[in-house]
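This report walks through one structure, section by section, for a reader who is seeing it for the first time. Please keep the sequence and the structure in view while reading.

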Amino acid sequence: MTEDDRSEIRRAFNEAVNMSVAEIEDWLATDKSKGVGMTREGDEEAVGHKSGRRIVDIKRREANEFDDADYAHMRKVVGYVHRHLAQRPAHDVTETRWRYSLMNWGHDPLKQ
C-alpha cells in the first residue's frame with residue numbers, strides 16, 4: 001500500500017466518522033447502542049459495537065502508528081457508513097435502529 005493510498009483511506013475515514021472520541025464512547029455506553037447490530041455466533045458483543053471501540057482506538061493514535069489491519073478496518077468503516085447512508089429511511093430517523101447502528105460505527109446521520 002502506498003502512502004497516497006494510506007492518506008486517502010485516512011481522509012475517507014475521517015469524513016465518514018463524524019463523531020468525536022468522547023461522543024462515540026458516551027454512545028457505546030448506552031443500552032440503545034448495545035441493543036442494535038448483528039452478533040456472530042458465540043460472541044455477545046455486536047459487530048458494530050466492537051467496531052466503535054476499535055474506531056476510538058484508531059482515533060486516539062497518530063497516523064504513523066497505524067498498521068495494515070488498522071487501514072483495513074478504516075476501509076471497512078467507510079464502506080459500512082456509505083452503504084447504510086444509501087439505505088436511509090424516508091421517515092424521521094432520530095430514534096431508529098438504523099441511526100443507532102450507524103452511530104456504533106462512528107457516524108451520526110443527524111450531524112450532517
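## Histidine 82

Histidine 82 lies in helix H5, and its relative accessibility of 44% makes it partly exposed, where buried means under 20% relative accessible area, exposed over 50% and partly exposed in between, with a 1.4 Å probe and protein chains only. Histidine 82 is 20 residues away from leucine 102 in sequence, while their C-alpha atoms are 9.9 Å apart in space.

## Basis of the model

This is a predicted model, in which local features need pLDDT of at least 70 and side-chain atom pairs count only at pLDDT 80 or more, while totals for chains, interfaces and linings use all residues. Residues are numbered from 1 along each chain as its sequence is written, and side-chain values use heavy atoms, with hydrogens and water left out.

Helices are DSSP runs (H or I, at least four residues), numbered from the N terminus.

## H5 and H6

The axes of H5 and H6 come within 10 Å and cross at roughly 165 degrees, where axes are lines fitted to C-alpha atoms over the stretch in contact and angles run from 0 to 180 degrees between N-to-C directions. H5 is therefore roughly antiparallel to H6, given that angles under 35 degrees count as roughly parallel, over 145 as roughly antiparallel, 65 to 115 as roughly perpendicular and the rest as oblique. The crossing of the two is left-handed, a term for a near helix turned anticlockwise from the far one by less than a right angle.

On the H5 side, Tyr80, Val81, His84 and Leu85 meet Trp98, Ser101 and Leu102 of H6, contact meaning heavy atoms within 4.5 Å. These residues divide into five nonpolar, two polar and no charged; Ala, Val, Leu, Ile, Met, Phe, Trp, Tyr, Cys and Pro count as nonpolar, Asp, Glu, Lys and Arg as charged, and the others, Gly among them, as polar.

## Two buried residues

Serine 101 belongs to helix H6, and with a relative accessibility of 14% it counts as buried. When its neighbours within four places in sequence are left aside, serine 101 is in contact with Val36 and Tyr80.

Histidine 107 sits in the segment after H6 and, at 4% relative accessibility, also counts as buried. Between histidine 107 and arginine 88 there are 13 Å in space, C-alpha to C-alpha, and the two are 19 residues apart in sequence.

H4 and H5 pack at about 125 degrees, with their axes 11 Å apart, which makes H4 oblique to H5. Here Ser51, Arg54, Ile55 and Ile58 of H4 meet Ala69, Asp70, His73, Met74 and Val77 of H5, a contact with five nonpolar, two polar and two charged residues.

## The buried side of H2

In helix H2 (residues 21–28), the buried residues are Val21, Ile24, Trp27 and Leu28. They lie on the same side of H2 because they cover an arc of only 135 degrees around the axis, the arc being that of the directions from the helix axis to the C-beta atoms. What covers these residues includes helix H3 (31–34), helix H4 (47–59) and helix H6 (97–104).
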